[in-house]
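Notebook open, model loaded. I went through it piece by piece and wrote down what I looked up.

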Amino acid sequence: MLAEAVKYAAARLHGQGDPHGHLAQQVAIWARHKRHRAAWEPHLARCKALALASARTCPEDARRTALVLGSGLLLDVPLDELSALFQTVVLADMAFVPEVRAKAARLGNVETLEIDLTGRLDRLPGALAGPLPITLTEVGGPTGLAGLAGLAATLPGLDFAYSANLLSQLPLFALDALPPDMEQERQEELAAELVRQHLEGLKALGCPACLVTDVTERGLRQGAVDYEADLLFGVEPGLAGETWVWDMAPDGEAVRGLDVERVVLGVSNVRAATA
Ligand SMILES: C[S@@+](CC[C@H](N)C(=O)[O-])C[C@H]1O[C@@H](n2cnc3c(N)ncnc32)[C@H](O)[C@@H]1O
């Protein structure tokens, strides 16, 4: 707990804001990763290997800018390799701890971009003073498609994108920004819309886009499935790829008495993977 508080405070002292709790979540991930480093390693290695293999499919004369969406702590990002392959790498996230900013500065061709990849967090009902809009469309603002396309348009020569374990997280922060008395069904519709928009946004980019996302969570009691939860709010990605299991919270850490694991989908290039 103390180490987490120090880590969080250091980032805040370096000027990192935390309007929606992304920094706090990153610090919690940092702590959990420290506790379960060995259990997480196969998952993280697989994410990095897939992203790198995907990046290497870009022709040598089309390796200008690589964009990493949800770069976080870089646990699942082969940053050194991407930095060597591409002229510029852009890390996009809502928050950056000082170590990530320092690493980006050391590599020289890596930029950090603080951005809300839903384009909506500051505009969702909980963050609005006025009456509640009913759907994301009514909330207005850029759609996920326009949002990612808009971002891509600001990055000259975008030749590769990697969505790094971001997709299932996008709705969670948005749900936190909604008023607690909003109907459950309506909240889930909004969450699903954000998931769909990110997928559509990735498909619409004019470059290879690698996707890694957890899709299902399972709680296991002595090896038997106790519960299973869909992390994508009913959205079926419809993408052919590889799947693996991430041993996320073994030994009852997240849910007492249960080992919690997640099924992860990895897609080398969403533009070529429609199932
Ligand atoms: C589960 S972490 C992904 C792991 C991360 N790639 C790493 O290696 O640490 C999800 C990441 O998505 C970011 N994120 C969540 N919602 C976001 C949003 N609306 N806009 C930008 N980044 C977001 C979080 O800050 C976090 O770093």
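I began just after H1, where Gly 15 takes a positive phi of about 95 degrees. Helices (H or I, at least four residues) and strands (E, at least two) are DSSP runs, numbered from the N terminus. Before going on, I noted that this is a predicted model: local features need pLDDT of at least 70, side-chain atom pairs count only at pLDDT 80 or more, and totals for chains, interfaces and linings use all residues. Residue numbers start from 1 along each chain as its sequence is written.

**H1.** I checked the length of H1, residues 2-13: its 12 residues reach 16 Å from first C-alpha to last, close to the 16 Å expected at 1.5 Å a residue. The expected span is 1.5 Å times one less than the number of residues. Is H1 in the open or covered? The number buried is 1 of its 12 residues, so H1 lies largely in the open. For burial I used the count of other C-beta atoms within 10 Å of a residue's own, placed from the backbone: 20 or more is buried, 12 or fewer exposed, and in between partly exposed.

**E1.** Strand E1 (residues 65-69) is mostly covered, with 5 of its 5 residues buried. I looked at which way they point: Thr 65, Leu 67 and Leu 69 go one way, Ala 66 and Val 68 the other. E1 pairs with E2 (residues 88-93) in the parallel sense over 5 bridges; strands pair if DSSP finds at least two bridges between them. Val 68 stands opposite Leu 91 in E2.

**Core.** I then looked up the largest nonpolar core, which has 65 residues; Val 68, Leu 69, Val 89 and Ala 174 have the most contacts inside it. The largest share of this core, 6 residues, comes from H9. A nonpolar core here is a set of buried Ala, Val, Leu, Ile, Met, Phe, Trp, Tyr and Cys residues joined through C-beta atoms within 7 Å. Leaving out residues up to four places away in sequence, Val 68 touches Val 77, Val 89, Leu 91, Ala 92, Tyr 162 and Ala 164. Contact means C-beta atoms, placed from the backbone, within 7 Å.

**H9.** The 21 residues of H9 (residues 184-204) should span 30 Å at 1.5 Å a residue, and the end C-alpha atoms are 30 Å apart, which agrees. Its buried residues include Leu 190, Glu 193, His 198 and Leu 202.

**E5 and its partners.** E5 (residues 209-221) runs parallel to E4 (residues 158-164), with 4 bridges joining them, and Ala 164 stands opposite Val 212. With E8 (residues 259-267) E5 runs antiparallel over 9 bridges; there Glu 217 has Arg 262 as its bridge partner. E5 also pairs with E6 (residues 224-230) in the antiparallel sense over 6 bridges. The hairpin of E5 and E6 has 2 residues between the strands, and Gln 222 takes a positive phi near 45 degrees.

**Ligand.** Which residues are closest to the ligand? I found Gly 70, Gly 72, Leu 73, Leu 75 and Leu 117, out of 26 residues that surround the ligand, counted if the C-beta atom, placed from the backbone, lies within 6 Å of it. H2 (22-35) and H8 (170-176) each supply at least two residues of the shell, and H2 gives the most, with 4 residues.

Note on methods
Two residues are in contact if their C-beta atoms, placed from the backbone, lie within 7 Å.
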